[in-house]
Amino acid sequence: CILTCAILYTVFGLICVISWGKELDTPLITDELPDGIVSYIIKILFCLNLVFSYPLMLYPAHIIVENYLYPSWPKSRKRQMFKNVTRTLLVAFTVGFTLILGDKVDKFLSILGALTCTPIAFMFPALFHYKCVAESSFDKTVDIIILVISFCILIFSTAMGFINWWKWNKYLTKMFNQEMRKKSKLSNNF
């Protein structure tokens with residue numbers, strides 16, 4: 001099952017790279033859709049999906065922060081108000097962080113995904129199987145091989161994320177310098 005998912009994701013990524021190649025500038029496939037009513041409906045539905053899934057993603061963070069900050073507080077109106085303020089600050093922090101990153105959000109998310117999703121998708125299932133279910137030496141060997149391969153995937157994916165971020169920053173710096181040279185040439189002509 002895990003191997004099937006890995007193969008499907010890899011094949012899908014390869015098909016996208018082969019189809020668009022270097023022309024794929026934006027990370028969202030919705031930007032590549034042709035103009036029309038269907039395209040706008042898909043983009044609106046995608047935005048609604050993001051709006052409604054954001055609280056689901058942030059809920060575990062709320063629980064962790066609230067359990068850390070208010071473990072011994074008795075249930076009262078004061079505690080509820082402080083929890084609401086904490087939730088508001090956490091949402092403001094995530095929105096502010098996203099605004100600061102701007103165009104680099106996809107680079108940050110790729111690094112974060114490499115560091116956190118690789119263990120969730122590959123390492124933890126193999127580790128749990130190794131600890132709880134694996135009895136034969138073959139099962140244990142397969143689990144260890146999966147752990148080693150997934151650790152290599154984690155290192156490779158994280159390194160590629162940092163390399164892409166660095167290339168993107170280098171590209172932006174080059175573009176900015178070219179614009180400044182153009183502007184200085186235009187001002188010298190007048």
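A residue is called buried when its relative accessible area is under 20%, exposed when it is over 50%, and partly exposed in between (1.4 Å probe, protein chains only). The model is predicted, so local features need pLDDT of at least 70 and side-chain atom pairs count only at pLDDT 80 or more, while totals for chains, interfaces and linings use all residues. Residues are numbered from 1 along each chain as its sequence is written, and side-chain values use heavy atoms, with hydrogens and water left out.

The protein has five helices and zero strands. Helices are DSSP runs of H or I with at least four residues, strands are runs of E with at least two, and both are numbered from the N terminus. The order of elements from the N terminus is α-α-α-α-α. Of the 190 residues in the protein, 15% are buried. Contact means heavy atoms within 4.5 Å. Among contacts between residues at least 6 apart in sequence, 54% join residues at least 24 apart.

Helix H2 covers residues 37–69. The expected span of a helix is 1.5 Å times one less than its number of residues. For the 33 residues of H2 this gives 48 Å, and the end C-alpha atoms are 48 Å apart, which agrees. Ser 39, Ser 53, Leu 58, His 62 and Glu 66 are the buried residues of H2. They pack against H3. Glu 66 counts as buried because its relative accessibility is 5%. Leaving aside residues up to four places away in sequence, Glu 66 touches Pro 71, Lys 83 and Arg 87.

Helix H4 comprises the 29 residues 105–133, which should span 42 Å; the end C-alpha atoms lie 39 Å apart, in agreement. H4 bends by about 40 degrees at Pro 119. Pro 119 is also buried, as are Lys 107, Ile 111, Ala 114, Thr 118, Phe 122, Met 123 and Ala 126.

The structure holds five aromatic pairs. Rings of Phe, Tyr and Trp (its six-membered ring) pair if their centres lie within 6.5 Å; planes under 30 degrees apart count as stacked, over 60 as edge-to-face and the rest as tilted. Phe 97 and Phe 108 have ring centres 5.1 Å apart and planes at 70 degrees, so this pair is edge-to-face. The pair links distant parts of the chain, with Phe 97 in helix H3 (residues 77–101) and Phe 108 in H4, 11 residues apart. Phe 97 is partly exposed at 33%, and Phe 108 is partly exposed at 25%. Phe 124 and Phe 128 form a stacked pair, 6.1 Å centre to centre with 20 degrees between the planes. These two residues are four apart in H4, so about one helical turn separates them. Phe 124 is partly exposed at 38%, whereas Phe 128 is exposed at 51%.

Tyr 70, Trp 73 and Phe 82 form one aromatic cluster. The charged end of Lys 78 sits over the ring of Trp 73, 5.7 Å from its centre. This arrangement requires NZ of Lys or CZ of Arg within 6 Å of the ring centre and within 35 degrees of the ring normal.

Key: The bend at a residue is the angle between axes fitted to the seven residues ending there and the seven starting there.
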